[in-house]
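Please look over the sequence and the structure shown below, and keep both in view while reading the report that follows.

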Amino acid sequence: MMQTIGWKERVDLPSLGIFGVPAKIDTGARTSVLHCSHIRLIKEAGAPYVEFQALDGRFGATLNTYVKPFHSRRTFRNSFGQEEERYIIRTDISLFGQLYEIELSLRDRSDMEFPLLLGRTFIRKRFLVDVSKANLSKTRIIPDTP
């Protein structure tokens, strides 16, 4: 049986050290997207990586610069019909105390209410969405401290 999520949830991105991020569940969006700034492709030891600042230090995140392996680059059509290219990273996300792998496109969402959208590729075959509910996943995985 699939877990039920609401139209919005608070999620954790443990690999990034970010917890309690407000996320909107968006069944109209194929790919999940995280608000980031200063996004750029770099090379380290000849391999491609994406460097970015997540959440601009808001929503409980510290203003860190992250470097994650480059997964892909895709062209997206925004809600105004304009095409834009975005970098995709793979990371983990925690909902209901369980870790899942997720692909996130990185984009400046500073003008949006929710810094994270969970799209249907992530939701499919994992969750049912009850649009009359919100914040059903309140358990968090807190990493061990050394």
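Is R40 buried, partly exposed or exposed? R40 counts as partly exposed, because its relative accessibility is 46%, where buried means under 20% relative accessible area, exposed means over 50%, and partly exposed lies in between (1.4 Å probe, protein chains only). The model is a predicted one, in which local features need pLDDT of at least 70 and side-chain atom pairs count only at pLDDT 80 or more, while totals for chains, interfaces and linings use all residues. Residues are numbered from 1 along each chain as its sequence is written, and side-chain values use heavy atoms, with hydrogens and water left out.

**Salt bridges**

Side chains of opposite charge can pair when their charged atoms come close. A search of the whole structure finds seven salt bridges, a salt bridge being a side-chain nitrogen of Lys or Arg within 4 Å of a carboxyl oxygen of Asp or Glu.

| Pair | N to O distance |
|---|---|
| R40 and E51 | 2.7 Å |
| E84 and R107 | 2.7 Å |
| E103 and R90 | 3.5 Å |

The side chains of R40 and E51 meet in a salt bridge, and since R40 lies in strand 4 and E51 in strand 5, the pair ties together parts that are eleven residues apart in sequence; strands (E, at least two residues) and helices (H or I, at least four) are DSSP runs, numbered from the N terminus. E51 counts as buried, because its relative accessibility is 18%.

E84 forms a salt bridge with R107, and because E84 lies in strand 8 and R107 in strand 9, this pair ties together parts that are 23 residues apart in sequence.

E103 and R90 also meet through their side chains, and this pair links distant parts of the chain, with E103 in strand 9 and R90 in strand 8, 13 residues apart. E103 is partly exposed, with a relative accessible area of 24%, and R90 counts as partly exposed at 41% relative accessibility. R74, R90 and E103 are linked in a network of salt bridges.

**The nonpolar core**

The largest nonpolar core has 28 residues, and those with the most contacts inside it are L34, F52, I93, L116 and L118; such a core is a set of buried Ala, Val, Leu, Ile, Met, Phe, Trp, Tyr and Cys residues joined through side-chain atoms within 4.5 Å. The elements that give two or more residues to this core include strand 4 (32–44), strand 8 (83–95) and helix 1 (120–123). Leaving aside neighbours within four places in sequence, L34 is in contact (heavy atoms within 4.5 Å) with residues including L13, A54, L104 and L116.

V21 lies in strand 3 and counts as buried, at 0% relative accessibility. V21 and R10 are eleven residues apart in sequence and 5.2 Å apart in space, C-alpha to C-alpha. Beyond its neighbours within four places in sequence, V21 is in contact with E9, R10, V11, L55, P115 and L116.

D12 has its place in strand 2 and is buried, with a relative accessible area of 1%. A polar atom of the side chain of D12 lies 2.8 Å from the backbone nitrogen of G20.

Methods
A polar contact is a pair of N or O atoms within 3.5 Å; within protein, one must be able to donate a hydrogen and the other to accept it, and residues adjacent in sequence count only if both atoms are side-chain atoms.
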